[in-house]
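Student: Hi! Could we go through this model together, starting with the terms?

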Amino acid sequence: MDVRASTSPFSPNIADTLGDVNIFTAAGDPVFFKDLWDQSQGIAVVALLRHFGCPCSWELASALKEAKPKFDAAGVKLVAIGVGTPNKARILADRLPFPMDCLYADPERKAYDILGLYYGFGRTFFTPAIDDVSALTLMHQAKVFSRFGALQKAVKNYTIKATPDDKSGVLQQGGMFVFKGKQLLYARKDEGAGDHAPLDDIFDVCCKVPVA
C-alpha cells in the first residue's frame with residue numbers, strides 16, 4: 001500500500017461535509033455529492049482528476065475506464081470528477097472515450113477545497129518530495145516517462161480545448177478516495193501532475209470490503 005495513502009487527516013464526518021456540495025453531471029445537470037453513490041452501504045471509488053484538459057487526467061481516466069468492468073463485478077461504483085465545466089467534461093468523454101454516467105464536473109473546485117487537495121504552480125510542475133528543484137524535475141519526468149506508452153495511448157484523440165476557460169483551475173491537483181457508505185476507507189492526495197494512486201491498491205481496498 002502506498003505510504004502516502006492515509007485517512008487520518010480527514011474528519012470522520014467528511015462524507016457529510018461533502019454531501020451538500022453541488023457539482024454537475026457531464027450532461028450539465030446539477031447533482032449533490034451525496035447522491036453520487038449509496039450513502040448507506042454502497043462502495044464507491046471517487047477519483048478526482050486534475051482539469052479536463054490535462055493529458056495526465058486523460059491517462060488516469062483511460063486507466064479507470066479499463067478498470068471499470070472489474071469495479072462493476074465487485075459491486076463498486078466508479079465516480080470520476082474533473083475541474084472544468086460540463087462541456088469540457090463532454091470533450092474528454094467523447095474523445096477518449098469515457099462513460100458519461102461516471103463523469104462529473106466541479107468547475108468551482110468545491111470538493112477539491114473541502115478535501116484539501118493540493119494546489120499551485122510548484123505542485124503542478126514538480127513533485128515536492130525532496131528539496132532540490134533539479135532533482136524534483138527529474139523525478140517527476142521519470143515518473144511520467146515510465147508510463148509513456150499508456151499516456152501516449154490515452155492522448156491519441158486529445159485536444160487542448162478541454163482545458164477550463166478559468167485558467168486558475170489548471171493548477172489544481174487531484175486525489176483518490178474510497179468510501180463505504182459515509183465511511184472513508186482510503187484517501188490519497190496527488191503530490192503533483194501525474195502522481196496517481198496505484199489502482200492495485202484501490203482494488204485491494206475494495207476487495208477487502210464485503211458488499212452488503
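Tutor: Buried means under 20% relative accessible area, exposed over 50%, and partly exposed in between (1.4 Å probe, protein chains only). This is a predicted model, where local features need pLDDT of at least 70, side-chain atom pairs count only at pLDDT 80 or more, and totals for chains, interfaces and linings use all residues. Residues are numbered from 1 along each chain as its sequence is written, and side-chain values use heavy atoms, with hydrogens and water left out.

Student: Good. Is Cys 56 buried or exposed?

Tutor: Cys 56 is buried, because its relative accessible area is 10%. Cys 206 counts as buried too, with 4% relative accessibility.

Student: How many disulfides are there?

Tutor: Zero, taking a disulfide as a pair of cysteine sulfur atoms within 2.5 Å. Cys 56 is in no disulfide: the nearest cysteine sulfur belongs to Cys 54 and is 4.4 Å away.

Student: Switching topic, how many cavities of 30 Å³ or more are there?

Tutor: Two. Here a cavity is a set of points, on a 1 Å grid over the protein atoms alone, where a 1.4 Å probe fits but cannot get out; lining residues have an atom within 4 Å of a point. A volume is the space filled by probe spheres set on the points, which are joined across faces, edges and corners.

Student: What lines the largest cavity?

Tutor: Its lining is made up of Leu 48, Leu 49, Arg 50, Cys 56, Ser 57, Leu 60, Asp 190, Gly 194 and His 196. The elements giving two or more residues to that lining are β3 (43-51) and α2 (55-73), where helices (H or I, at least four residues) and strands (E, at least two) are DSSP runs numbered from the N terminus. The largest cavity holds about 40 Å³ of space.

Student: And which residues line the second largest cavity?

Tutor: Leu 48, Leu 60, Gly 175, Met 176, Asp 190, His 196 and Ala 197. The volume of the second largest cavity is about 30 Å³.

Student: Back to α2: where does it bend?

Tutor: At Ala 67, by about 45°, with Pro 69 following within four residues. That bend is the angle between axes fitted to the seven residues ending there and the seven starting there.

Student: Which residues of α2 are buried?

Tutor: Among them are Trp 58, Leu 60, Leu 64, Ala 67 and Phe 71.

Student: What comes after α2?

Tutor: Gly 75 follows α2, with a positive phi near 75°.

Conventions. On a 1 Å grid over the protein atoms alone, a cavity is a set of points where a 1.4 Å probe fits but cannot get out, and a pocket is an open set with protein on both sides within 12 Å along at least five of seven lines; lining residues have an atom within 4 Å of a point.
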